[in-house]
Amino acid sequence: EEEQKIKDFGLEGIWSRRLRAGIIEYEVKKWHVAEKDNKYYSKEELLSLGFEKLIKQTDEKIAAKDAGLDLRPVTTTEIQKHLDDFGLAQEFGTYGKVKGLSGGQKVKLVLAAAMWNCPHLLVLDEPTNYLDREALGALSTALNEWGGAVLMISHNKEFYSSVCKEEWHVREGRCFIEGISQERKMKAVAKKKKFAKEQDKEEKLESAGGNTNANADKYKNATVDFWGKTMGKKDVRNFEKAKKKGDIAGMRK
């Protein structure tokens, strides 16, 4: 029905989107109309014409472009090269159809799609379903060699234990954490080093009478009076002279 409305309207496609005076407008290109004569229609106007699905597709396309999903060339050669890395040969990737794939091949296809944009974080929900032992071993090796983070929901302990170093177990309405991830371990080491550095700094400050130079890395010999007030170099010299002479009044001064 919507396709017929698009045909009757003579719409070739929606080329762009803009925000003008707080109203979202879409650039509409019609058949047999020069590009310079493209017109902008508000979202409400296009919805009233029955172009709901077309607007949704346009919004998703723009969102994908903003997210950088268009950085890789979407060509048959590039896509098949990517699928080869996931064990989907050309007969299944280029010439096959999704409905003709087995359960394991569909899992491989989903994994390939998830990795298409080279993400930093991969979230997997029961990734071991339909995969044979050979495919599971290959997936485990790949995830361990991959530089990104992996968040996985799985009941296959043999598999997730080979990949994840930190496990969150939910039982009896509570979450129990076992093990420690590499990132958490690195943060703990960094925190420990920072604490040791601060502690060492405090000890040096205490031994130096609470005084440091401008660089805060070298400590000068500081002297404080009875009330804890730092004495200047001149006062220190006068104090030392009075001390040698046994001048109590001078020392107090």
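Trainee: Is Cys175 exposed or only partly exposed, and how do I read that?

Mentor: Compare its relative accessibility with the cut-offs. Over 50% is exposed, and under 20% is buried. Cys175 has 43%, so it counts as partly exposed. Keep in mind that this is a predicted model.

Trainee: And how does Cys118 count?

Mentor: Cys118 has 56% relative accessibility, so it counts as exposed. Its place is the loop between H6 and E4. Cys118 takes a positive phi of about 50 degrees, although it is not a glycine.

Trainee: How many disulfides does the structure hold?

Mentor: Look for paired cysteine sulfur atoms, within 2.5 Å of each other. The count here is zero.

Trainee: Which loop holds Tyr130?

Mentor: The one between E4 and H7. Tyr130 is another residue that is not a glycine but has a positive phi, of about 70 degrees. Now apply the accessibility cut-offs. At 67%, Tyr130 counts as exposed.

Trainee: Which residues of H3 are buried?

Mentor: Leu54, Ile55, Thr58, Asp59 and Ile62. Now look down the helix axis. These buried residues fall within an arc of 135 degrees, so they line one face of H3.

Trainee: What covers the buried residues of H3?

Mentor: Follow the contacts. The cover includes helices H1 (2–9) and H2 (43–48), along with strands E1 (11–20) and E2 (23–30). Facing away from the buried side are the exposed residues Glu52, Lys53, Lys56 and Lys61.

Trainee: What happens just after H3?

Mentor: Find Gly68. Its phi is positive, at about 85 degrees.

Trainee: Next, cores. How many residues has the largest nonpolar core?

Mentor: Look for buried nonpolar residues joined through their side chains. The largest such core has 15 residues. Leu124, Leu131, Leu139, Leu143, Met152, Phe159 and Val163 have the most contacts inside it.

Trainee: What is Leu131 in contact with, leaving aside neighbours within four places in sequence?

Mentor: Gly104, Val107, Lys108, Leu136 and Leu139. Another core lies apart from the largest one. It has 10 residues, among them Leu11, Tyr26, Tyr41 and Leu46.

Trainee: Now the whole chain. How many helices and strands has it?

Mentor: It has 11 helices and seven strands. Its residues number 253, and 24% of them count as buried. The chain exposes about 19700 Å², with carbon and sulfur atoms supplying 53% of that area.

Trainee: What share of contacts joins residues at least 24 apart?

Mentor: Begin with contacts between residues at least 6 apart in sequence. Of these, 33% join residues at least 24 apart.

Terms used. Residues are numbered from 1 along each chain as its sequence is written. This is a predicted model: local features need pLDDT of at least 70, side-chain atom pairs count only at pLDDT 80 or more; totals for chains, interfaces and linings use all residues. Side-chain values use heavy atoms; hydrogens and water are left out. Buried means under 20% relative accessible area, exposed over 50%, partly exposed in between (1.4 Å probe, protein chains only). Helices (H or I, at least four residues) and strands (E, at least two) are DSSP runs, numbered from the N terminus. The arc is that of the directions from the helix axis to the C-beta atoms. Contact means heavy atoms within 4.5 Å. A nonpolar core is a set of buried Ala, Val, Leu, Ile, Met, Phe, Trp, Tyr and Cys residues joined through side-chain atoms within 4.5 Å. Accessible areas come from the Shrake-Rupley method with a 1.4 Å probe; for residues, only the protein chains shown count as cover.
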